[in-house]
Amino acid sequence: MLTKLIKSNFRNDLSHMISFVLIVVLSSFMLQFGLCIVMGYNNHYDTKAEELNSADVILYVYQYDDDVSNEENVANYIENDPSIETYEEQMFTICECEVIFNEDNFDSISSEDKETFNMRFGALDDYGEIGAPMFIERSDEEYANPIYLPYIALKGRFRNKYSIGDEIKMKINGKEYSFTLAGSYETLSGASPVYLSSYDFIQIKDDDNMNRFFDIQLKDGVNTEEYVQAMLADFNIKGLDAYYYSLPETIKASLYMINIVSAILCVFAVIITLVVVTVIYFRISNSIEQNIVNLGALKSLGYTGSQLRLAQILEFTITSSVGFAISTVLLYISLPIFEERLLRRMTGTIWKPPFNLTAFLITGAFTVGATMIVSYLSTMRISTIDPVTAIRFGLKSHTFKKNSFPVEITSGPIVWILSLKSAFRNKKQNLLIIFIMAVVGITLSISVFFTYNIAYKTMNLYKLLSDTSSEASLFFEENTDAEDIRDIPGVDKAWTEMSIVATIKGTLTEITVSDDWAYVNNMNLTEGRVPVLSNEIVIGNTLADNCDIKVGDEIEVACSGYEGTYVVTGLCQTTYNFGVVARMTADGLEALNIEYSPHWVEMTFSVTDYESSKNVLENIQEIYGDKLYYYSNAYDYIKNGDDVDLMVAKALCFVFIIVSIVIIFLSMVLLVKTIIIKSQKEIGIKKSLGFTSSQLRMELTLSLMPNIVIGLAIGSLIGFMNANRFLSLILKNLGIYRSTLEELPWMPLASVVSGTVVTFILVWFLSHRIKKISAYKLIRE
Amino acid sequence: MPKKSIIRTEKLCKSFSTGGVQRHIIKNLDTEIYEGDFTVIMGSSGAGKSTLLYALSGMDKASMGQVYFSDRNITNFTSDQLAIFRRKHCGFVFQQVYLMETMSVMDNVLTAGLLTGQNKKQLAAKAKDLFKKVGIGPELWRKFPNQLSGGEAQRVGIVRAVINSPDMVFADEPTGSLNSSSSDAVLNILTEINQNGQSILMVTHDMKSARRGNRIIYFKDGTICGECDLGPYKTGDKERHDKLRAFLTEMGW
Ligand SMILES: Nc1ncnc2c1ncn2[C@@H]1O[C@H](COP(=O)(O)OP(=O)(O)OP(=O)(O)O)[C@@H](O)[C@H]1O
Ligand SMILES: [Mg+2]
């Protein structure tokens, strides 16, 4: 008996149920996807580190022929450190490389054909046991001049242009070489070197730029992060120079984007689920109203209230379970593809997604559970239906009390007046529309905000994430003055910078020093002001949080045996060193007994596009000739963005837009259909009076617009006002406490307008069902 | 003076297929409905009276043959063209009242009226005038249809049907669901508007209603098998009653 009831429910609701399944598929897909990735990757790195036998810490020093004391001292230190279980040594060289992509022509200056960057080279044969490269793909053939790239570089820097066996032409320190791509490997080390044959390595190595690497594995129970801090502080006191990569930090950085993406997916999944349950609630209470007579009749036939309820609850539970099942299948089909196309490129490691029972259960419980609860709640009314009253009078809510917008005194065309009348008639429906459209407004306005700041004005995001607000860095052979550079056309601001490493409250901190911070128009300060006097300092937010430092506090800074006291004048944010940074003035160095000898000039452009910025830098190069060693251009970085972060950010914009459109689409399908069924009779009557289908479609479409616009406006404002806050929340771990991306007043407007236009077109399109309703059919029934 | 025809059919056919079986309800019908008449269609239940009414009014489409309405062939109009055509030329009164439940009595009428682009002030005045004629007082104008009695609702329905001064008012058993005093009131109104020149085509199977017409058509076996001219209606016309009874008996009613 119950089965029959459920079957007939499904038959009546089929197309509704299909759109309902789709929206459930979307939300549970996103939720399970997010959970799978978050949980999967956090486990993945632990197993991967073991599988790759990764070094806990990689320490390296620069080799200088004339002075080996630093190198020897570091080596001795490691040799005798009781915390170290085992270590291996290897030599690397850092070279400037030019890689060409399109023609055999290194003279090309267009970055479309060519990329220049610094890369670390090593000899494959030298490798020992620790963190040996694990090949993702490797040629069986022997090549005379093999080259092995980290997978992440192959897909990123090398622009995914080469496959195994391809010839790669490169200029290394100005000399032309040709290699054959023989393999790509996964690694968890931040060093990610390029491997050559021993012969080739000797050919290309630059004796002035040799790194001696110590791949260190620590004893069990030693905390890597604490160990690194202590060791570096020790080195700092002893005046030793060494650089490091630590496994936890590399993993943290790698996981970072993954966690953000997953968190966003989960949040949106939850939002969509909210939309789903709202629609279910609306749908069920409408169907009760429509079927009140039927329900009454069924009751009089002997069905009990709980049977009728159960039938409804089961109908929706079955549907959402089906949606959930479909989404799970889709997930495990698409996850490997997604892993291969994006995640692998982001992390440089291979992850074989296993079936994740926890994610499965959580998603199932959430999606199906929410459906059950809401259908349980919204069917309460069925129990109280009295068969006699139901059959004779229907539901009381059918009585209308107020005749809003009387035709006689409302001006405008009749279709317009009728839309107005129905726009404000049904409170429950209006709240539903406003709620759904507010959700859409939030996602839309955030995506407008992101698209503008990330996809269109990428420089905004770049500056937010970068150290200071510089757009180009110039590295000079000798101490330099920024003053002359300021006068070069196309240069807006220029200032010199030098960086030192010092200890603040026991934390090793990167301190950037400049002779005049006043030239930096935006130091990414979140509080206070730039340092002006010699005893002033600005520190990074993360450092301030970790060590409980506030603006106005006095802090001790220790470096190479000297100590100075500084007043904190402000807090700044940067992703650099995860925000463990400080900034002080050139005069402030005196207390630490360090001479201000900057080699870097940081600058911003007065031009705003890639081509002009390139011209400015080429001009500078011409003026300074050999004195200018190297320069980097942020516009170049943005334009040739092999940067996975930017890629992910753009993908997220895309996800936001898709989510908005899907919510609009699915909720409108459900809504419009319900409304049409509900007003079938009235539509029939209007047609008999001589209304055409297009008039009635326009009336329906227009009648939804006021609430749609209200919802969109509310949501867009909420989204717009919180977009930066939302971003700050995401970026906080990275060191960005207060996102300051551009918020422009047209953004919420754009979101409202685009949302309205899309919805209008969609509702108009969906309302074509009105055509099928005829006046005659109504009368016949 | 010969009567001017408003509706004319040529070999009008209408058939339905139910479960693969073709049933011909109207078969090759040639007929004319005249201006100024109160035409009544009678016949046994299921004969196809309503089908004929809606085919003539362009609410439904003919299966074959032609329907001319004021010399315009409306047979091949699209449903939108028919809708636009109905606005000006047809008014409908149904057995179930079919007022729009979501709006007030006044709005129900004005909504129909505004479709023909009439001036709103004049239209409202006309509506109020009509309401008074049918005995719907101002206290009812702002009420909703479900707050009206059946008779009141049907009278509102009539006002809505005539608000655009249509060429023809089509009424399908307008008194079918009313008690006798309400029925009389509705029939009186129909008679009155007919006497003021409004053409009416009404379906009924009730003699009391049929007596109001001046031309009675008997529909049977898919065609008109007889008609009877009763002349203008007068109250208490015994002779008229007998004539109608004789006609119906002859038709096998
Ligand atoms: N849309 C339709 N589809 C199938 N059959 C139909 C349709 N409309 C009418 N019929 C059939 O056509 C026949 C005539 O119907 P119609 O309603 O015209 O009769 P009627 O003379 O008005 O009857 P009554 O006096 O009971 O109202 C009926 O048998 C009916 O079942
Ligand atoms: Mg009938």
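Predicted model: local features only at pLDDT ≥ 70, side-chain atom pairs only at ≥ 80, totals over all residues.
**Entry 1: chain A as a whole**

I began with chain A and looked up its secondary structure, which comes to 23 helices and 20 strands. I then took the extent of the chain along its principal axes, and found that the C-alpha atoms of chain A fill a box of roughly 105 × 55 × 55 Å. Of the 781 residues in chain A, 55% are buried, and the chain exposes about 33,900 Å², of which carbon and sulfur atoms supply 56%. When I looked at contacts in chain A with a separation of 6 or more, I noted that 81% of them join residues 24 or more positions apart. For the charges I counted 61 positive and 90 negative ones in chain A, and their mean positions are 26 Å apart.

**Entry 2: one residue of chain A**

I next picked out Asn430(A), which has its place in helix H13, a helix of chain A that covers residues 427–456. Is Asn430(A) buried or exposed? I classed Asn430(A) as buried because its relative accessible area is 9%, and the cut-off for buried is under 20%. Leaving aside residues up to four places away in sequence, I found that Asn430(A) touches Ala423(A), Phe424(A), Arg425(A) and Asn707(A).

**Entry 3: chain B as a whole**

Buried residues make up 58% of chain B, while the exposed surface comes to about 10,900 Å², with 48% supplied by carbon and sulfur atoms. Among the contacts in chain B with a separation of 6 or more, 70% are between residues 24 or more positions apart. I also noted 33 positive and 26 negative side chains in chain B, the centres of the two sets lying 4 Å apart.

**Entry 4: an open sheet in chain B**

I followed an open sheet of four strands in chain B, whose order is S2-S1-S4-S5 and whose pairing is antiparallel. Which strands of this sheet in chain B are at the edges? I found strand S2 (21–34) and strand S5 (72–73) there, each pairing on one side only. Within the sheet, strand S1 (residues 5–18) and strand S4 (residues 64–69) of chain B run antiparallel and are joined by five bridges; I noted that Arg8(B) stands opposite Tyr68(B) in S4(B).

**Entry 5: strand S9 of chain B and its partners**

I traced S9(B) to strand S3 (residues 38–42) of chain B, to which it is joined by four bridges in a parallel run, with Val40(B) having Ile216(B) as its bridge partner. I then traced S9(B) to strand S10 (residues 223–229) of chain B, where six bridges join the two in an antiparallel run, and where Lys220(B) stands opposite Thr223(B). S9(B) and S10(B) form a hairpin with two residues between them, and in its turn I noted Asp221(B), which has a positive phi of about 50°.

Key: Residues numbered from 1 in each chain as written. Chains lettered and ligands numbered in written order. Heavy atoms only, no water. Buried < 20%, exposed > 50% of the residue type's maximum accessible area, 1.4 Å probe, protein only. Contact = heavy atoms within 4.5 Å. Areas by Shrake-Rupley, 256 points an atom, 1.4 Å probe, with all protein chains shown as cover. Lys, Arg positive; Asp, Glu negative; His and termini not counted. Charge placed at Lys NZ, Arg CZ, Asp CG, Glu CD. Pairing = 2+ DSSP bridges.
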